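Please keep the sequence and the structure in view while reading.

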Amino acid sequence: IQQYVLESIEKKEWGKDYELEIDKQNQKFREFIDAEIIRIAKLDEFNREKHLKILAKNNLIAPGITISANLEVRGFGGVKMKTVKRGIITGVNDQGVDAVFENRQKRHAKFEDLVDIEGMDIIRYAQAYRIKVNPKKKK
């Protein structure tokens with residue numbers, strides 16, 4: 001038996017099949033991890049939007065609060081790009097907030113563009129005011 005194993009190892013007969021099986025398992029694992037990352041990101045985005053709507057409804061996003069938002073700006077050569085700008089809220093509506101940003105321009109930022117409120121992540125800011133989003137469906 002030992003002689004047969006040693007010969008098969010030298011010929012690498014079992015190695016090819018084994019390596020292919022390991023590659024298949026690794027590929028399946030990578031696909032699973034990628035799917036989980038996408039699922040968690042979607043759930044996190046869903047929770048962010050729910051939290052923002054509740055915060056706006058309860059007047060916890062109000063004029064005078066400092067925010068950071070991803071805004072579209074023009075770079076060199078007029079190229080459009082997004083960058084994070086800090087600002088102070090001047091008004092709130094259903095679609096987002098009006099704020100005066102770093103360059104002293106009053107601009108509108110959508111809720112989905114908000115990065116943080118008062119230096120805290122949106123979900124953390126909601127937790128500070130004990131706001132919870134129940135992901136379970138009500139019966």
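## Overall layout

The structure is a predicted model. Its chain contains three helices and six strands, and these elements follow the pattern α-α-β-β-β-β-β-β-α when read along the sequence.

Of the 139 residues of the chain, 26% count as buried. The chain exposes about 11000 Å², and carbon and sulfur atoms supply 53% of this area. Among contacts between residues at least 6 apart in sequence, 48% join residues at least 24 apart.

The partner of strand 4 can be described in detail. Strand 3 (residues 96–101) runs antiparallel to strand 4 and is joined to it by five bridges. Within this pairing, Val97 has Ala109 in strand 4 as its bridge partner.

## Salt bridges

Side chains of opposite charge can pair when their charged atoms come close. A search of the whole structure finds three salt bridges.

One of them joins the side chains of Lys80 and Glu72, at 3.9 Å from N to O. Glu72 counts as partly exposed, because its relative accessibility is 42%. Another is formed by Asp113 and Lys82, whose closest N and O atoms are 3.6 Å apart. Asp113 lies in the loop between strand 4 and strand 5 (114–117), whereas Lys82 lies in strand 2, so this pair ties together parts that are 31 residues apart in sequence. With a relative accessible area of 16%, Asp113 is buried.

Arg86 and Asp116 also form a salt bridge, with 3.6 Å between the closest N and O atoms. Because Arg86 lies in strand 2 and Asp116 in strand 5, the pair ties together parts that are 30 residues apart in sequence. Arg86 is partly exposed, with a relative accessible area of 35%, while Asp116 counts as buried at 15% relative accessibility.

## A buried lysine

Lys85 belongs to strand 2 (residues 80–92). What is the nearest side chain of opposite charge to Lys85, and how far away is it? That side chain is Glu102, at 4.1 Å. A salt bridge requires a side-chain nitrogen of Lys or Arg within 4 Å of a carboxyl oxygen of Asp or Glu. Lys85 is accordingly buried yet without a salt bridge.

The surroundings of Lys85 can also be listed. Not counting residues up to four places away in sequence, Lys85 touches Ile67, Ser68, Ala69, Leu71, Val73, Phe101, Glu102 and Asn103. Glu102 is thus both the nearest side chain of opposite charge and one of the residues that Lys85 touches.

## A nonpolar surface patch

Which residues form a nonpolar patch on the surface? Phe29, Phe32, Ile33 and Ile37 do, and together they have about 410 Å² of accessible area.

Ile33, one of these residues, is found in helix 2 (residues 13–57). Its relative accessible area is 32%, so Ile33 is partly exposed.

Technical notes. Residues are numbered from 1 along each chain as its sequence is written. This is a predicted model: local features need pLDDT of at least 70, side-chain atom pairs count only at pLDDT 80 or more; totals for chains, interfaces and linings use all residues. Side-chain values use heavy atoms; hydrogens and water are left out. Two strands pair if DSSP finds at least two bridges between them. Helices (H or I, at least four residues) and strands (E, at least two) are DSSP runs, numbered from the N terminus. Patches are made of residues with over 30% relative accessible area and no salt bridge: like charges are joined within 9 Å, nonpolar side chains (Val, Leu, Ile, Met, Phe, Trp, Tyr) within 5 Å. Accessible areas come from the Shrake-Rupley method with a 1.4 Å probe; for residues, only the protein chains shown count as cover. Buried means under 20% relative accessible area, exposed over 50%, partly exposed in between (1.4 Å probe, protein chains only). Lys and Arg count as positive and Asp and Glu as negative; His and the chain ends are not counted. Contact means heavy atoms within 4.5 Å.
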